[in-house]
Amino acid sequence: MSLVTELLAGNRRALARIISQVEDDGPEAHALLAELHPHTGRSHVIGVTGAPGTGKSTLVNALAKTYRSQGQTVGIIAVDPTSPFSGGALLGDRVRMRDLAGDPGVFIRSMATRGSLGGLARATADVILVLDAAGFDRILVETVGVGQAEVEIASAAHTTIVVEAPGLGDEVQAIKAGVLEIADLFAVNKADREGADRAVLALQMMQGLAPAPAGHHGTGRQAGHAAPGAQADGAWLPPITKTIAVRGEGVAALHDWVEQHAAYLRETGQLARREATRAATALNHILRERLIAALFAGLTNGELDRAISAIARRELDPYTAADHLLQAEKPGFPGIVRRP
Amino acid sequence: MTDRKIRVLVAKPGLDGHDRGAKVVARALRDAGMEVIYTGIRQTPEMIAEAALQEDVDVVGLSILSGAHMALCPRIVELLRSQGMDDVVVLVGGIIPDDDVAPLKNLGVKGVFGPGTSTRDIVEFIRQSVG
């Protein structure tokens, strides 16, 4: 039996081994993904992101338990950073997910970023596809602890939860660009701590500053006035939920919002748009990787080094050098600049 | 463009809660360029075998200070084998009396590392054991 057949039959060892192939970009990875692709597209993918120490792992654990109590199966991908110095990684998210041990309806896989900087690993989107093909109803993807600009999860997930915790920043932090803009839902976790209400208020104020949805001039939202969730005009106002994940408090409400958002995506046609974005992102990555590889393969020995030293000696600027490298006749690199 | 890393599960089976040693080893393996999945204390053999399967690790490192190694290690080796993970390298560290080392190795434990072991030796042992 092939690995894919075994995976589709529910063999967890096969699932784990396919994930490794995909993660390592092994010799069979592309063929395996091609074979799995027709079986994907059924899972709802939920991203969980936020600063280090906000409680993402604990929240993922609690959300997974909620889904399991309703009989839905859950795949979990937990991403932690790779050391830029040693190339090693300490993947510790399972420590907070021990409640899920022994449950055949849950599969947890830890991933190291291996040099990627967007909050996910290069192969995370592909591992999502593998879990999707394996039939998990929901896939929870926990990013590395992020700063302000690691927003890759938004193009990999259907629903993105941004987790905040009290005391991490003031209102000015909340109106900065980046991570906060990708939230479909906010969770203010550790809500039993001092400052939780202030954190909620800061997020609400940020939302009050958001511009009115297109086509509705003069009816901009005012802080505290619009109910969160799906709006009459088809927009989505991210709800803010207080949670205490270690005790499971607020998690049912957060879960309900995830499901409402999933329904909203389906009903408004946004789901198809997000799927297109995911497809575009995936294709974009692959094309870039392959074009770069083909370009380098087509360069003769030393061509690149000569260009680099010419730039360093100020004989050539990098743009002109790139033009030269791309315009040279490259047998393995047909036609990207030789347009008619 | 294969990007193969050695993946190691570091786990503490049984009831003692002293995980300093496990954390030191986990960190040393990380610094040696390995991907270490750390699962924390009080893990049952079933939890460890399941995590090893899901994470598709090359090595399972067990830290046991409670004296229960003769009960825990064979069970974990047996569970790994029953799920087709015969090739996984099982290592034990902690307080293991000399008399128990040979029996443990007979049961399928590849390496036993007592107090005072240099982390460099563990790194080297893993590199040699994982092809």
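Colleague: Which element gives the largest share of the lining of the largest cavity?
Modeller: That's helix 2 of chain B, with four residues. Keep in mind that this is a predicted model.

Colleague: Which elements each supply at least two residues there?
Modeller: Strand 4 (106-112) of chain A and helix 2 (45-55) of chain B.

Colleague: And how much space lies in the largest cavity?
Modeller: About 120 Å³. It's lined by 13 residues, and the closest to its centre are Arg94(A), Met97(A), Arg98(A), Ala101(A) and Ile108(A).

Colleague: How do the residues of that lining divide into nonpolar, polar and charged?
Modeller: Seven are nonpolar, three are polar and three are charged.

Colleague: How many cavities of 30 Å³ or more does a search of the whole structure find?
Modeller: Two. As for the idea behind such a search, rolling a probe the size of a water molecule over the atoms shows where empty space is left.

Colleague: Which elements give two or more residues to its lining?
Modeller: In chain A, they are helix 3 (29-36), helix 5 (124-133), helix 6 (153-156) and helix 10 (270-298). Helix 10 of chain A has the largest share, 10 residues.

Colleague: What about domains, which ones does the lining of the largest pocket draw at least three residues from?
Modeller: From each of domain 1 (1-39) and domain 2 (40-268) of chain A. By type, the lining of the largest pocket has 15 nonpolar, eight polar and nine charged residues.

Colleague: Switching to chain B: at what angle do the axes of helix 1 and helix 5 of chain B cross?
Modeller: Roughly 60°, and the axes of helix 1 (residues 20-31) and helix 5 (residues 119-129) of chain B come within 10 Å.

Colleague: What do you call that arrangement?
Modeller: With that angle, helix 1 and helix 5 of chain B are therefore oblique to each other.

Colleague: Left-handed or right-handed crossing?
Modeller: The crossing of helix 1 and helix 5 of chain B is right-handed.

How values were computed: Residues are numbered from 1 along each chain as its sequence is written. Chains are lettered from A and ligands numbered from 1 in the order in which they are written. This is a predicted model: local features need pLDDT of at least 70, side-chain atom pairs count only at pLDDT 80 or more; totals for chains, interfaces and linings use all residues. Side-chain values use heavy atoms; hydrogens and water are left out. Ala, Val, Leu, Ile, Met, Phe, Trp, Tyr, Cys and Pro count as nonpolar, Asp, Glu, Lys and Arg as charged, and the others, Gly among them, as polar. Domain bounds come from an automatic or database domain assignment. Axes are lines fitted to C-alpha atoms, for helices over the stretch in contact, and angles run from 0 to 180 degrees between N-to-C directions. Angles under 35 degrees count as roughly parallel, over 145 as roughly antiparallel, 65 to 115 as roughly perpendicular and the rest as oblique. A crossing is left-handed if the near helix is turned anticlockwise from the far one by less than a right angle, and right-handed if clockwise. On a 1 Å grid over the protein atoms alone, a cavity is a set of points where a 1.4 Å probe fits but cannot get out, and a pocket is an open set with protein on both sides within 12 Å along at least five of seven lines; lining residues have an atom within 4 Å of a point. Grid points are joined across faces, edges and corners, and a volume is the space filled by probe spheres set on the points.
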